[in-house]
Amino acid sequence: TIKTYSAVATLQACSGVVGAFGASIVGFLAEEVYGYQPSDKNFEDMDQLIKLKNRDALGHAVAVGVLVPWIGNLICYGFCLITYPNDKQSVNILENSRSLIVEKRKSVNRISK
C-alpha cells in the first residue's frame with residue numbers, strides 16, 4: 001500500500017542522511033570527545049604515545065558511531081514487533097473486505113448477463 005511505501009521511503013531517507021554524515025560525526029567524536037591529535041608528520045615519525053592515543057580515540061569514535069545507530073535500529077524494530085499483531089489484523093480485515101467486494105462484483109456480473 002501507499003502507506004507502506006511511504007514508511008519505507010522515509011526510513012531509507014533517514015538512513016541516507018545519517019550515513020552521509022557518519023564520517024564527519026566519527027571525526028568530530030574522535031577529535032573533540034576522545035582526544036585525537038592530528039599531525040603533519042608521517043606515521044612512522046610520530047611519537048608512539050600519540051599513535052596509541054589516536055588509535056584509541058578512533059576506535060572509541062567508530063564504536064560509538066556504529067553502536068548508537070544499531071541501538072536506534074533495535075528500538076525501531078522492537079516497536080515493529082509491538083505493532084505487528086494489530087497491523088496483521090488490519091491487513092486481514094482489508095483482504096477479507098476486498099475478497100467480498102470481488103465476489104459481489106462477480107455475482108452482479110452473472111446476474112446482469
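Here are a few friendly notes on charged residues and cysteines in this predicted model.

1. Some ground rules. Residues are numbered from 1 along each chain as its sequence is written, and side-chain values use heavy atoms, leaving out hydrogens and water. Local features need pLDDT of at least 70 and side-chain atom pairs count only at pLDDT 80 or more, while totals for chains, interfaces and linings use all residues.

2. The salt bridge. Searching the whole structure turns up one salt bridge, meaning a side-chain nitrogen of Lys or Arg within 4 Å of a carboxyl oxygen of Asp or Glu. It joins the side chains of R55 and D56, at 3.1 Å from N to O. R55 is exposed at 52% relative accessible area, and D56 is partly exposed at 35%; buried is under 20%, exposed over 50% and partly exposed in between, with a 1.4 Å probe and protein chains only.

3. The lysine without a partner. K51 is buried yet has no salt bridge, and E44, the nearest side chain of opposite charge, is 7.0 Å away. A polar atom of the K51 side chain does lie 3.2 Å from the backbone oxygen of F43. Beyond neighbours within four places in sequence, K51 is in contact (heavy atoms within 4.5 Å) with F43, E44 and M46.

4. The cysteines. You will find zero disulfides in the whole structure, a disulfide being a pair of cysteine sulfur atoms within 2.5 Å. For C76, the closest cysteine sulfur is in C80, 7.3 Å away, so the two are too far apart for a bond. C76 is partly exposed at 44% relative accessibility, and C80 is partly exposed with a relative accessible area of 44%.

Conventions. Lys and Arg count as positive and Asp and Glu as negative; His and the chain ends are not counted. A polar contact is a pair of N or O atoms within 3.5 Å; within protein, one must be able to donate a hydrogen and the other to accept it, and residues adjacent in sequence count only if both atoms are side-chain atoms.
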